[in-house]
Amino acid sequence: MEHTFRDDLIFVGGHWQKGRGAPITSHFAAEGRVNITLSGASTEDVELAIARARAAQPAWGALKPHDRATVLYRISEGIAANIDRIAWVQSRDTSKTLTETRALATSAAGTFRYFAAVAETSDDLLTVPRGDYTTASIHEPLGLVAAITPWNSPIASDAQKVAPALAAGNAVLLKPASWSPLVSLELARIAEEAGLPQGLLSVLPGSGREVGNALVEHHDIAKVSFTGGTATGRRLAHAAAEKLMPVSLELGGKSPTIVFEDCDTDLAIAGILFGIFSSSGQSCIAGSRLFVQRSIYKAFVARLVEATRALVVGHPFDAETQVSSLVHPEHREAVERYVALAREEGGTILCGGTRPEAAALQEGSYFTPTIIAGLDNTARTCREEIFGPVLVVMPFEDEADVIAQGNDNDYGLACGIWSTDHRRCRRIAGAIRAGTVWINTYKQFSISTPFGGDGESGIGREKGRSGLRAYQRQKSIYEDMSGRPHPWARWP
Ligand code: NAP
């Protein structure tokens, strides 16, 4: 697959121009080299993008939903027609495997198609009146929305925000993560070619502290939709509180996976491997805390270790690769610090815990899939998000014990349950604090199913039909039907 990087231009309110801010460098961490250095956006570029968005949004917001939907359908088709290129750019930007980035691009096309359909099929409400009037609840766009996304699955995170926000009639100012600026600019090209009116979308690569902060604090931004780490999310929530601005936060996780003695072992092992080691563990919903019932703990963990050792660590463009390079050398160092901490805390490394030895991988930021045992749920290794291919395993006694341990964590994003007792699965699904629970499967997604976290994993839900409403405000309208003056006035 032969593709090349484009010019050093960013997308400011429908215009391609050189950013006036600090340079942003995209790395191909799998090979330890630079892809391209972009001139990032400056705060002046943010101001210009906002001015262009303010000028363009009212006409877009006034369009009938089916007319907006037409443009979104074309964006969906544009993404679908460019899957190869998007996958290549995203794999170069994030070192994810091509298999995965193709799937992410396909899902982004589906997200635009879905929200186009939601926009043209969402009804306003006539509510039940309590007098001689009609009452209605209608939905209007918020205006200008800032979308701030992380580096781990940019095309999918971008689509999850840009599609519903545009469908709802808003203009969107998208700030991608500094480590993965390129694929969001591809999305801008496609939106432009699809005929999205100028000004409605900006893509502003730049540092979170400067460009992200300028967006969040700007008076004209009516909402921030954020996906990223909990510490950043908390800072954004403070800034949003100052402005009394709605904010939706999709944050981190330390999700429990629970294996009962009656599980289908092969099914469980395959699901656990996929849940923690796909995307090299750089996934908010990674099943990173594994609880195995004590009666099968030893045998199950031995088989899991064997299966983990058989995973193929390799180059993202190699179709055989299951575990690719981490996104950036600095991120690998952060993961390595956690493995060192696990050792200090008394953990035993059952497999992995090192950089791979293969000569071909020495220039990249690879890390071998790692399983750690011997810690309890209170250890920092078991409480904090590592965001790498690192799994901690712990035994549990019974349902009550595993619910208590599973819930004993500040995050509440996801949970996996492996058991053939379906009633028990549903009981635990009800008792565990998590935005999403997978039963005898893991890391499956549908755009029609809401997604989000509880506790330190965030506020709000994306996806699903209600995902559109997150980008609208409700207005209530009362209209008199009587034609009679109000009796209180005694007039005329
Ligand atoms: P991050 O450091 O929080 O950054 C996320 C985004 O916020 C980036 O675009 C970043 O810009 C920007 N940012 C940083 N500081 C900011 C500030 N003061 N004001 C405004 N924007 C700011 O997270 P990350 O390391 O990119 O991503 C990994 C995290 O995302 C993990 O914790 C993961 O669990 C979470 N995540 C959650 C979900 C979910 O749906 N729940 C999905 C994917 C990832 P810079 O890149 O320039 O710093």
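Around the ligand there are 29 residues, and Thr149, Ser178, Thr232, Leu251 and Glu385 come nearest; a residue counts as near a molecule if one of its heavy atoms lies within 4 Å of it. The model is predicted, with local features needing pLDDT of at least 70 and side-chain atom pairs counting only at pLDDT 80 or more, while totals for chains, interfaces and linings use all residues. Residues are numbered from 1 along each chain as its sequence is written, and side-chain values use heavy atoms, with hydrogens and water left out.

- A polar backbone atom of threonine 149 is 2.8 Å from an oxygen atom of the ligand. A polar contact is a pair of N or O atoms within 3.5 Å; within protein, one must be able to donate a hydrogen and the other to accept it, and residues adjacent in sequence count only if both atoms are side-chain atoms.
- Tryptophan 151 places a polar side-chain atom 3.0 Å from an oxygen atom of the ligand.
- For glycine 228, a polar backbone atom is 3.3 Å from an oxygen atom of the ligand.

**Domains and their interface**

- The protein is divided into domain 1 (10-251 + 457-476) and domain 2 (256-439), with bounds that come from an automatic or database domain assignment.
- The C-alpha centres of domain 1 and domain 2 lie 31 Å apart.
- In domain 1, 23 residues are in contact with 25 residues of domain 2, where contact means heavy atoms within 4.5 Å.
- Domain 1 and domain 2 bury about 2,000 Å² between them, 60% of it on carbon and sulfur atoms. Buried area is the accessible area (1.4 Å probe) that two parts lose on being put together, summed over both.
- Trp151, Trp179 and Ser457 of domain 1 lose the most area to domain 2, together 27% of what that side buries.
- Across this interface, 11 residue pairs are in polar contact (both at pLDDT 80 or more).
- The largest share of the side of domain 1 that touches domain 2, 5 residues, comes from H3; helices (H or I, at least four residues) and strands (E, at least two) are DSSP runs, numbered from the N terminus.

**Backbone features**

- The peptide bond from tryptophan 491 to proline 492 is cis, with omega near 5 degrees. Proline 492 is found in the segment after strand E22 (472-480).
- Leucine 244 has a positive phi, near 50 degrees, in a residue other than glycine. Leucine 244 lies in the loop between helix H8 (230-243) and strand E11 (247-250).
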